[in-house]
There are 2 protein chains.
Amino acid sequence: MEKIKVVLWGIGAMGSGIGKILLNRKGIEIVGAIDNMASKVGKDLGELLDLKEKTGIKVTDNPEEAINSDVDIVMHATSYLNKDEFEFLLKKKVNVITTIAEISYPGAKDPDLATWLDDLAKKNEVAILGTGINPGFVLDLLIITLTGACSSVEKIEASRVNDLSPFGHTVMKDQGVGISVEEFRRGVEEGKIMGHYAFPESLYMIADRIGLEIDEIKETIEPIISKTIRETKYVKIEPGMVAGCKHTARGFKDGKEVIVLEHPQQVFPEKEGTETGDYINIFGDPDIKMAIKPEIPGGVGTMAVAVNMIPQVLNSRAGLVTMADLPTPGVIMSDVRNLLRNK
Amino acid sequence: MEKIKVVLWGIGAMGSGIGKILLNRKGIEIVGAIDNMASKVGKDLGELLDLKEKTGIKVTDNPEEAINSDVDIVMHATSYLNKDEFEFLLKKKVNVITTIAEISYPGAKDPDLATWLDDLAKKNEVAILGTGINPGFVLDLLIITLTGACSSVEKIEASRVNDLSPFGHTVMKDQGVGISVEEFRRGVEEGKIMGHYAFPESLYMIADRIGLEIDEIKETIEPIISKTIRETKYVKIEPGMVAGCKHTARGFKDGKEVIVLEHPQQVFPEKEGTETGDYINIFGDPDIKMAIKPEIPGGVGTMAVAVNMIPQVLNSRAGLVTMADLPTPGVIMSDVRNLLRNK
């Protein structure tokens, strides 16, 4: 069997990380690389991935150049949803794994987008999956999986508690770190402080899959106000200032909370006794209380989940698929082709 | 769409628990019940499930009576592997979910059995799955799933620590609780103290799926020697006596441990500071350290996993399938038929 032929679309932090993992996977071959940033176009992929040797693959900003009928799957890791890109890829009859959050469960925000993608993928006999660590793994797939050991479930509470201190200016700004409470609240009102973008995707993925109906989602974004001095390379927080952003999404059924997902993101949470981790509490028969401490890191986690789903997407029925539809992911230390079934 | 028609085979503790869960599931109908125990044959299923009302389903010891071409799936929960039962069911073209440990990964102990089941199921266009809490969920599916967030894995250590104090004489005897260390060692030698039966199944399910090769498994069964007095309704343990059985399975590659699964079972572990729980430590990129405290209970956990896999098995390709092959389980609070795809 020939190697699985992969094209990278988007060679930023995430895309180049995915590329590096792929280079270590047996049975996979990177055959193309797409990015529209002028500074990257024309360079050898090896240079962008900090390799010692050239790969012979030139980065192009012209998808037509990179995608041909030999390509099995595109690992798509750009920054923003662009429907044209997916239309292009699906019409070229290549399978797609994307880290674009909306695609993990498009029906959550845009049912028309979900239908359009599903139809287009089916018509072209390929599959498209959106995934990553969150959405895609911690606050959806893992929750669904744990409910698999329950005979009934009444309520789910889960929290992903992380530490923003390794991150730079952009993240600090997006999460409102290092500003006053007043500025934070204004930032939220003006839509500049967004918190975690993808709660509806995770929430509906869970609700639809396990049949725990919700009729309304309420999201709140609150400042995490520091009691101590917290200082990183990029920001210094005095007591009373904002150390982070606590974003919560609550799914209600008949006025009752049934799914509560929380993602408090701050710098140095341990300074005030908060342990970082992924926490899932399922209330049902039986109750299940799970903790992963520290939390699964977002960067490598997203890259790994995306790469590990390659055989599942290649084995999948055609259409828009979600993490809840496909066999469970797992790392692949052997030749990836061992996991392919003849379709 | 008609309701999913289910037959129960084996109405012991596990089978009757499965039956009770099924009665609360929308879109499912129990249409038959098989058990060969004389005291159960001819009784109404409602009586065996402690229901207030009759179900109209009489327990039979004749599978031919219970299985007809309308049956979609059999929930098989007997005590011992009997190939004839599976041959009968597969030839009747019904799908099977069984709690028989060997069937969760038959290749582990008997590759011929795996091939035979796979061929027979394929020939008759149905699927057969062995599952439960362990094997089937905690020490295999959950481990595989967590490695899905890793770009590489070098070693896996996992432990299921439970409390045997609610159990009766049989379990105490099987695990060697309440005897001297000498008696315990003799019991292990004579094969009377077995510990956990299904380590090879879990170990090979993980190893084969994630490609972490192993060339040898070593199992050890050690007594957990009490330092304190531990007393249940059925047993009194003095210091120096055996409070339980610590069973460990180590998978080696080139003399190096790569997968270590452990299942220490004892009465009142908290008496000596041991917290019950399911613990998974993955060493790789990234490391992942998961704890579920207390452990997912084995009884309801097994019943729930088995019932929750019904749509996955009905949607599956034909053949012998494992928990690692199918979409992740999840509880099903809505009509189970919502999860069926046209095949």
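Residues are numbered from 1 along each chain as its sequence is written, and chains are lettered from A and ligands numbered from 1 in the order in which they are written. Because the model is predicted, local features need pLDDT of at least 70 and side-chain atom pairs count only at pLDDT 80 or more, while totals for chains, interfaces and linings use all residues; side-chain values use heavy atoms, with hydrogens and water left out.

**View 1. The interface of chain B and chain A.** Chain B gives 50 residues to the contact, and chain A gives 50 residues. Contact here means heavy atoms within 4.5 Å. The size of an interface is often given as the accessible area lost when the parts come together. Here the buried area is about 3800 Å², with 64% of it from carbon and sulfur atoms. Buried area is the accessible area (1.4 Å probe) that two parts lose on being put together, summed over both. In chain B, the residues that lose the most area to chain A are Arg209(B), Thr328(B) and Val331(B). Together they account for 16% of what that side buries.

View 2. How many salt bridges does the rule find across the interface of chain B and chain A? It finds zero. A salt bridge is a side-chain nitrogen of Lys or Arg within 4 Å of a carboxyl oxygen of Asp or Glu. The rule does find 17 residue pairs in polar contact, both residues at pLDDT 80 or more. A polar contact is a pair of N or O atoms within 3.5 Å; within protein, one must be able to donate a hydrogen and the other to accept it, and residues adjacent in sequence count only if both atoms are side-chain atoms. On the side of chain B that touches chain A, the elements that give two or more residues are α6 (141-147), β7 (152-163), α9 (199-210), β14 (288-292) and α10 (298-308) of chain B. Helices (H or I, at least four residues) and strands (E, at least two) are DSSP runs, numbered from the N terminus. α6(B) gives the most, with six residues. By class, this side has 30 nonpolar, twelve polar and eight charged residues. Ala, Val, Leu, Ile, Met, Phe, Trp, Tyr, Cys and Pro count as nonpolar, Asp, Glu, Lys and Arg as charged, and the others, Gly among them, as polar.

**View 3. Strand β14 of chain A beside β14(B).** The two strands run antiparallel and are joined by three bridges. Two strands pair if DSSP finds at least two bridges between them. Ile292(A) stands opposite Met290(B).

**View 4. Helix α10(B) and its cover.** Nine of the eleven residues of α10(B) are buried. Buried means under 20% relative accessible area, exposed over 50%, partly exposed in between (1.4 Å probe, protein chains only). Among the buried residues are Val300(B), Met303(B) and Asn308(B). Their cover comes from both chains: it includes α6 and β13 of chain A, together with α1 (13-23), β4 (73-76), β5 (95-98) and α11 (310-315) of chain B.

**View 5. Helix α4 of chain A, residues 83-91.** Its buried residues are Glu85(A), Phe86(A), Phe88(A), Leu89(A) and Leu90(A). Among the elements covering them are β1 (4-9), α5 (111-123) and β6 (127-130) of chain A. At the helix start, a side-chain oxygen of Asn82(A) reaches to within 2.9 Å of the backbone nitrogen of Asp84(A). Just after the helix, Lys93(A) takes a positive phi of about 60°.

**View 6. Strands β4(A) and β5(A).** Four bridges join these strands, which run parallel. Ile73(A) stands opposite Asn95(A) in β5(A). Asn95(A) and Ile97(A) point one way from β5(A), and Val96(A) and Thr98(A) point the other way. All are buried.

**View 7. Two cis peptide bonds in chain A.** The bond from Asn134(A) to Pro135(A) is cis, with omega near 10°. Pro135(A) is in the loop between β6 and α6 (141-147) of chain A. The bond from Asp285(A) to Pro286(A) is also cis, with omega near -5°. Pro286(A) lies in the loop between β13 (277-285) and β14 of chain A.

View 8. Phi of Asp254(A) is near 50°. This residue sits in the loop between β11 (242-253) and β12 (256-266) of chain A. Asp254(A) counts as exposed because its relative accessibility is 64%. Phi of Asp50(B) is near 60°. Asp50(B) lies in the loop between α2 (45-48) and β3 (59-60) of chain B. Asp50(B) counts as exposed, at 65% relative accessibility.
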